[in-house]
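Please open the model in your viewer and keep the sequence panel beside it, so that each selection can be followed in both places. The tour goes from one selection to the next and says what is to be found at each stop.

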Amino acid sequence: MKRKKFLKTTAKLGLGITTLATALSSCKVEKKEVDLSAININFNKTFKWRMASFWPKNFPVFGEGDLFFIDWVKKMSGNRLDIKLYAKGELVPAMEVFDTVQDGTADIGSAASYYWLGKTPAAAFFATAPFGMNAQQHHSWMVAGGGYELWKEVYEPFGLIPFISGNSGVQMGGWFNKEINTVDDLKGLKMRIPGIAGKALEKAGGAAMNVPGGEIYTNLERGVLDATEWVGPYHDYKMGFYKVAKYYYTPGWHEPGTQLEFFANKKAYESLPSDLQEIIQGAAVRVQSWTLAEFDAKNGIYLKKILDEGTELRRFPDDVLKALKKYSDEAIQEMIGNDPVAKKVADSYYSFKKRINPWTDITEKVYYNSIQEM
Ligand code: CA
């Protein structure tokens, strides 16, 4: 950038060169001085990116997160990074989002990493695992427990770099037209439940069915499905499941805190000036914070609506959960197999869970159980 223009720009931003330098040199990360030589800012250069999303356009919370991210990046960068959203199916089908960012057709993707366990089984753990950690624990693993570093390592060979971009919190167990009182009630149960949890249900004698979102309602109504999982009260209400299913079961053992993701093409990301890279990270963290807050706020409102419609709320009996836990553990072990990367990530995930659970048990768990009685 020409000196004159740089002076003009910094003046516009209200920063003298001295104050800018002072501000930068006083920045500290992990007690280390910021490496000023790594700061490379070019206020003149603009970038146009494409985002391929797994989520349909305006899909509550998930799709809204995409739009917020794009908007915040645009505003923070002074329009120097302009991202165009391609919602589900607009550029590629949802299941091709990973490939299309990998090959550079899109620069950034939006999804949840458990959709990519066919690429690398390790990816599953960065989203969630049946009977795994809740949103708060998972976030702690990601940010302060080495989870995010591992995630970057796992995506590196694909030329991708991931970012945390929201968590659904613990989901609901799903909608049922059959009562689940014993483990035997899972036998022959036709349920829409994807992924590892679906495999666990099959081990229990059920039939895990992969039904597209748009067809679940009709299949429940016609008895093609006995049950379905979806998300939580907000999304489930909008799908109208309370009209075609009798019982709403808790808890969502299969998704105790689903972490969402953005992932950038590494080459595209590395070609950005350093401030735009930081802006992407900052905007993603802001989406992470907004998403869980929005899920919780809306779920509270919509749970009441669902109960007002006459839905019967049920809790899975303990022995059913115990059996599903056993089958989930088996399914997870089969998924990991001999894959050393998946094993490494699973070791980190479960050792972190083991360490944090006693703390959660004497604080959050006791607290929630106590206030229920008041
Ligand atoms: Ca779900």
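This is a predicted model: local features need pLDDT of at least 70, side-chain atom pairs count only at pLDDT 80 or more; totals for chains, interfaces and linings use all residues.

Two of them link distant parts of the chain, since glutamine 171 sits in the loop between strand S6 (160-167) and strand S7 (174-176), while glutamate 255 sits in the loop between strand S11 (247-250) and strand S12 (259-265), 84 residues apart.

Are these two residues buried or exposed? Glutamine 171 has a relative accessibility of 6% and therefore counts as buried, and glutamate 255, also at 6%, counts as buried for that reason, the cut-off being under 20%.

Next select S6, where 8 of the 8 residues are buried, leaving the strand mostly covered.

**The open sheet**

Now move to the open sheet of 6 strands, which can be traced in the order S9-S8-S10-S7-S11-S13 and has mixed pairing. Its edges are strand S9 (207-209) and strand S13 (312-315), each of which pairs on one side only. Helix H8 (residues 195-203) packs on this sheet, where it touches strand S8 (190-192) and S9, and its direction makes about 155 degrees with that of S9.

Within the sheet, select S7 and S11, which run antiparallel and are joined by 3 bridges. Here glycine 174 has tyrosine 249 in S11 as its bridge partner.

**Helices H3 and H12**

Finish with helix H3 (residues 62-76) and helix H12 (residues 274-308), which pack at an angle of about 145 degrees with their axes 9 Å apart. Their crossing is right-handed. To display the contact, show side chains of H3 including Phe62, Phe68, Phe69 and Trp72, and of H12 including Ile279, Ile280, Val287 and Trp290. Which classes of residue make up this contact? Colouring by class will show 13 nonpolar, 1 polar and 2 charged residues where H3 meets H12.

Technical notes: Residues are numbered from 1 along each chain as its sequence is written. Side-chain values use heavy atoms; hydrogens and water are left out. Helices (H or I, at least four residues) and strands (E, at least two) are DSSP runs, numbered from the N terminus. Buried means under 20% relative accessible area, exposed over 50%, partly exposed in between (1.4 Å probe, protein chains only). Two strands pair if DSSP finds at least two bridges between them. Contact means heavy atoms within 4.5 Å. Axes are lines fitted to C-alpha atoms, for helices over the stretch in contact, and angles run from 0 to 180 degrees between N-to-C directions. A crossing is left-handed if the near helix is turned anticlockwise from the far one by less than a right angle, and right-handed if clockwise. Ala, Val, Leu, Ile, Met, Phe, Trp, Tyr, Cys and Pro count as nonpolar, Asp, Glu, Lys and Arg as charged, and the others, Gly among them, as polar.
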